[in-house]
Amino acid sequence: MLHATDKPSAVERVRSPHAERVQALLEVAESVSLHRDLEQLFHDLAPILRRVVPFQYAGLILHDSDRNATGLHVLESPRSLSRHPNLDLPVEETPEGWVWQNQQPLLIPRIGAESRFPRLMQTLRDQDIRSLCAVPLTTAQRRLGALSFGRSGEPAFNESDLDFLHKAVRQASVAVDNALNSQRARTYQQELSRERDRLRLLLDVNNAVVSTLDLRELFTAIGAKLRRVMRADMTSLGLYEPAENQIRLHALDFPDSRGLFHEGVVCCAMGDSPVSEALRSRQPVLHGTADFEKMPTELGRILLEEGMKSACCVPLISHSRLLGTLSIASRREAAFGQEAASLLAQVAGQISIAVENALAYRQVTELNNRLAEEKLYLEEEIQTQYDFEEIVGDSTALKRVLKQVEIVAPTDSTVLIQGETGTGKELIARAIRHLSRRRDRTLVKVNCAAIPTGLLESELFGHEKGAFTGAITQKIGRFELAHQGTLFLDEVGDISPELQAKLLRVLQEKEFERLGSTRTIRVAVRLVAATNRDLFKGVAEGQFRSDLYYRLNVFPIVVPPLRERREDIPLLVRYFAQKYSRLMNKRIETIPAEAMAALTNYPWPGNVRELENFVERAVILSAGSRLLVPLAELKPAREAAANRVATLEEAEREHILRALQQANGVIGGPSGAAALLGMKRTTLQSRMKRFGISRRV
């Protein structure tokens, strides 16, 4: 045992450098495990490595695959080299590039004698670096770059130094890779956050546009959001006045204003200001301080006195009509780029709709809300293209359905159209309305499955201003719009139990109240409903009210699936082939007999809609006059479905649903679903959450 005063033996003195290197490698491993930040990791490793292998310069050189070049990312040196132009070079012009390509360490003991890499060698000589070594920075997954070390004085790096640095860098490679991945993840997260804010802004603008016709209310709703997302100090809306050929400020959001701005100020006259360039070019325009100084109108002076240094202006255009400009401004230089201009242009596209509507409704303010809402609905109906020229088919099953339509159409009785998806239930509803006494009135449609449950009641019955959060104006419901006409409720089986009771009352009493109102409104509406669900089964399972079912099922019409009217398939194929060949400027004259036979024998689980899409795809594939039918896509869907075995998760989910139905939705308690299943209440709730099962079944 050695005492404190004992001197180390010659063997121990020989082994000391080795022990120092082992200790350094251990410290490298510990530092690698502690750091995720690239710069902090590198600066912590540098003094550990310098204790064993002295150096003055060390650099992390990463490969840029986009440019096939090497670039300096982190530098440890007594002087700054980070901005030197010769540090970012093509791979073949740097020692680190050679190391990255060959995956071998490189030792340059004398910089002055090295003839390769002339540009970089000159830079290193200017920085008084006399010797250099570089080791590859590589993980099992990829090659990252190299770590480079430089020494100013003597002695030069040797093979022993290179071997130690290589071992140390191998340990650091994984940490560098993790740090780079973390940086990428943070960057990606920031991009996602910005994209989320942009999408949220567009959604808020869209919601505001459809909720109000008053431009000041609209700008109040979106101005602050627009200013925050765009990182602007001011947002403004200017309207073009054709008679005076000028743009006048109409709405403003500027919380930190010095009071110089006010609504009604003339922004510019067309033709004498850079602001008007946005309207002339119909493109976003970026402005700076120099542009503000050139403005001959009051706006330029106000912008400068308010301290504005940059702005972005986009035109408001709707149906080729110039409406005005949407602008943002900032007290920072060059605050907006092309990305901001593109986002502002999208916002302007939505606001243009509100501006156009507001200008149009100034002329019809004397009309009441009901007429206004009906007008908007009729405009949507006119603009919507429905390509239902006729009902195609000559089968007995289809003729039976059409006969039922002829019988019930002249009456005002409620009709329930049932059938699988894609069978043409809406087409039958239109035929009923066309043959009825109400054919001159509007057919108002509501897809009950496409509207969230919380909004469906407002859509059907309307609401008063302030009835709930977001109800900033009065809304006329679809029952009022369909007064004296026909209301088509598609996917009626998806209506929630709470709303079923209110729908039943309207059908029985012919009256209802808007949300937030106590005034009873009476309507005379002919109801046609459609569903692809088995409502009778829903009644038996307690998912659909029996009294509503019988009220809807006054005159049921069952539209047969395509597999039950196979004789209509050739007619439909020819009809769709002609339709899409005309649309695509093609000429289809022949349909192969074997293809027609395959189409006729296929079960078509998606019915006419699936057949139409299939024929459209065939027309696209056809190059000549012969219809090219992709027969390989006609798979026996019925056999595949029959042979399918439910997974364990599906079976468990179905078992839980049955227990909940038996317990009337009750989870806990002695007669609850958890007791029936023999599990804890919390366990059942956890599995319901995993399977997406709501308590209300």
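**Exercise 1. Which strands does helix α13 (residues 425-434) lie across, and at what angle does α13 run to β13?**

Solution. The model is a predicted one, and the first step is to identify the sheet, an open arrangement of five strands in the order β14-β17-β20-β13-β21 with parallel pairing. Helix α13 lies across β13 (415-418), β14, β17, β20 (526-531) and β21, and its direction makes an angle of about 155° with β13.

**Exercise 2. Classify the packing of helix α14 (residues 453-461) against helix α16 (residues 497-509), and list the residues in contact.**

Solution. The axes of α14 and α16 are 11 Å apart, and the helices pack at an angle of about 10°. Since angles under 35 degrees count as roughly parallel, α14 is roughly parallel to α16. On the side of α14 the contact is made by L456, E457, L460 and F461, and on the side of α16 by L499, K502, L503 and V506. Sorted by class, this contact of α14 with α16 has six nonpolar, no polar and two charged residues.

**Exercise 3. Characterise the crossing of helix α19 (residues 569-583) with helix α20 (residues 593-601).**

Solution. The axes of α19 and α20 come within 9 Å and cross at roughly 120°, and the crossing is right-handed. The residues that meet are I569, P570, V573 and R574 in α19 and M596, L599 and T600 in α20. By class, the contact of α19 with α20 has five nonpolar, one polar and one charged residues.

**Exercise 4. Assign the geometry of the ring pair F461 and F512, and state which elements the pair ties together.**

Solution. The structure holds nine aromatic pairs, among them F461 and F512, whose ring centres are 5.5 Å apart and whose planes stand at 40°, so the pair is tilted. F461 lies in helix α14 and F512 in strand β18 (residues 511-513), so the pair ties together parts that are 51 residues apart in sequence.

Methods:
Residues numbered from 1 in each chain as written. Predicted model: local features only at pLDDT ≥ 70, side-chain atom pairs only at ≥ 80, totals over all residues. Heavy atoms only, no water. Axes fitted to C-alpha atoms, helices over the stretch in contact; angles between N-to-C directions. Helix = DSSP H or I, 4+ residues; strand = E, 2+ residues; numbered from the N terminus. Left-handed = near helix turned anticlockwise from the far one by under 90°. Contact = heavy atoms within 4.5 Å. Nonpolar A, V, L, I, M, F, W, Y, C, P; charged D, E, K, R; others polar. Parallel < 35°, antiparallel > 145°, perpendicular 65-115°, else oblique. Pairing = 2+ DSSP bridges. Phe/Tyr/Trp six-rings, centres within 6.5 Å; stacked < 30°, edge-to-face > 60°.
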